[in-house]
Amino acid sequence: ITTLINHKDKPKRSDKTLQAIQRVGQAVNLAVGRFVTVGEAIANENHELKEEMSVACIEARRAGETIAQLTDVASLDHPESDSHITIFTDKTGVVKAARLLLSSVTKVLVLADRIVIKQIITSRNKVLATMEQLEKVSSFQEFVQIFSQFGNEMVEFAHLTGDRQNDLKDEKKKARMAASRAVLEKCTMMLLTASKTCLRHPDCESARINKDGVFHRMRLALEQVIEIVTDSRPNGENEVAPISIYSGIKEFKNKVEGLRENLYFLSKENLSTMLEVILEHTEDFTDSAYTSHEHREHILELSKQAKMELEQLVSVWMQAQNQKTKDLMEDLEVAILKTCQCMNELKREVHSAATSLAADLLKYHTDHMVLKALKITGVEGNLEAVAEYTCKLSEQKEQLVEMCRLLRHVSGTEPLEITCIHAEDTFQVTGPQIISAAETLALHPSSKIAKENLEVFCEAWESQLSDMSLLLREINDVFEGRRGEKRVYLSLPRPGKHNANLKALKPVKLDTEEQAKIAKLGLELHLLTSDVDSETEKWEDQENEIVQHGQGMSSMAYSMYLFTRGEGLLKTTQDLFHQAEIFATEGTKLASALHALSDQVHDDDKPLLLLEAEKLISMCKQLQITAKAPAQGKSATFTKVDACILKTRNVMTLLCQLLPLCCKLLRKNKVGNGCLKPAPPWKEDRIRTGTNARTPERRVDTFGIKSLENHVTNMTFLESK
């Protein structure tokens, strides 16, 4: 739509231009048609919003058809002299249709979103109502019936919230949703055994405490899911997120480095307060009983040095505000560098303190000796020994909670911070629950259900310890620059990985004028990715090597198209050149797959396939040479960008011809499973597990659904009264 509206009228219009305009119009109309079909189906299922949704769908369909009519220009030699109204004779018509389309599509999306939110809230309410019934049951038979219903409701809630988590754009919300759903997954199993234990031993206080703890935690998790989904908090409170040392240092350094551009944009008091807050947080390390003496001393020294460096910076900064001499500005630059260097060293020191503590604790607790001892002494009915080991578990819990708090300060990203907070909460809650379960077993050592209950809570503890090892690895990866930015497209290059001279190159972005120049080429690339996606979707065997390489190349080409619009994850020209190299490598792999296929087809078909494979190899080599060629200066860089996009487009054009050819040869030679399949209906498409080539990121797995479904289906109570 943007391309159509921004299309510049020219006296001469080539057939190629006319065909491109018509293809864009048809593509818009087809996309609107598919979108509206889904909207109408949703309307039929939700009668309270049916009228509103139907009106919005009708408007969208009408606007899409209008755009298709106005862009039906390919067959016109002289559109301006023809009575037929087109984009050339009525530009305002396209603008009006585009506005109507965007407003109606937005309306459909908003209405659909309201339906999804309502479904999740309704599902949560059903779960809560059944939980209340479960709390009050007094017989096994009644519990079995209600828990079966509860299990089915939790499965439904899992599906709905899993889809919602996958759709969330905010990484922080996505992490909070994942944490809440992880709690619900584990607590569903705990609720079963804790409730059974309570029913078996109704007069046991520790069993009741154990069960109440599970119900309370599940209610909190359900409430948090609704807060995330509705983007609201009870009583209109605002969430106050604790500030980590990492985020504090990052913000402080940004302010300090901002002085290079503007000496007056903040006050010295502001900067001093920011440093005070950071140093206050370092007390979490220096006051911790688990921080080594060496780390504590280093952190205190660096804190003292940071204050001194800031004092020196403020002194030079104040002088520079009054008198901007060359010497003073050089002194200011030195002061900025020294302050930032000191903060980097402080960050490194707290990271080392937190991660070394975590590594030591996780290694020390891998044998789960305390949990094993609790199980043994519980079965023996040894109350004194159970009391002794519960004290040891409480000490272990305090160590692990402290470890999580320190790791949160150095986690590096908001999602990892939230994961650390979730881990801390899990240890805080699960520790006392294990203790109450162990006490129950010690009081009833012959009870199979009490033993099973303790096993479930111990497994949750062990699982969280295992998760901490993965979390520690991720935190180290972020610190060392190995990850931290979400990568949507395949093989998005890592800075420094493919080119030893990358650090010496200054990252460059396209300006608005350059984007305008390359827009047409970018649009052609976009249309080709759509064509390739359509071809790959026709293959029945989506695991076929040729299909997978094709989807990967389409995904990368799409990210390059987004770059031409100033969007997506390819932020600089250097990113684009790396992506072009990887795209060419993927093309070479596809050529190898074509050679392998040629060995399986009839002799008559082999020459054609080998010829196309050689063409592909040649094109990919040319693209790699272009992407690796040095380019100095703005003009040369833009020329290189243009050449990379052009050559990528040529490869994609060849790919559009290759995919149907390969599928035809597979069918003809009955090799593999390459037959075409019909397009799935919208409902089937909605629930299939495959991912769109544009977003190879895996869908969020709904929490423990398979295990939960099996548990509900196979639930039996073998223990006799």
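**Reading rings and helices in a predicted model**

The structure, a predicted model, holds five aromatic pairs.

Student: What makes Phe427 and Trp461 an edge-to-face pair?

Tutor: Happy to walk through it! The ring centres of Phe427 and Trp461 are 5.1 Å apart, and rings pair if their centres lie within 6.5 Å. The angle between the planes is 70°, and over 60 counts as edge-to-face.

Student: Where in the chain do Phe427 and Trp461 sit?

Tutor: Phe427 is in helix H14 and Trp461 in helix H15 (residues 448–479).

Student: Let's turn to H10 and H11. How do you know that they are roughly antiparallel?

Tutor: Helix H10 (residues 293–322) and helix H11 (residues 326–364) pack at an angle of about 160°. Angles over 145 count as roughly antiparallel, and therefore the two helices are described that way. Their axes are 9 Å apart, and H10 passes H11 in a left-handed crossing.

Student: Which kinds of residues make up the contact of H10 with H11?

Tutor: The residues there divide into 18 nonpolar, eight polar and five charged.

Note on methods:
Residues numbered from 1 in each chain as written. Predicted model: local features only at pLDDT ≥ 70, side-chain atom pairs only at ≥ 80, totals over all residues. Heavy atoms only, no water. Axes fitted to C-alpha atoms, helices over the stretch in contact; angles between N-to-C directions. Helix = DSSP H or I, 4+ residues; strand = E, 2+ residues; numbered from the N terminus. Parallel < 35°, antiparallel > 145°, perpendicular 65-115°, else oblique. Left-handed = near helix turned anticlockwise from the far one by under 90°. Nonpolar A, V, L, I, M, F, W, Y, C, P; charged D, E, K, R; others polar. Phe/Tyr/Trp six-rings, centres within 6.5 Å; stacked < 30°, edge-to-face > 60°.
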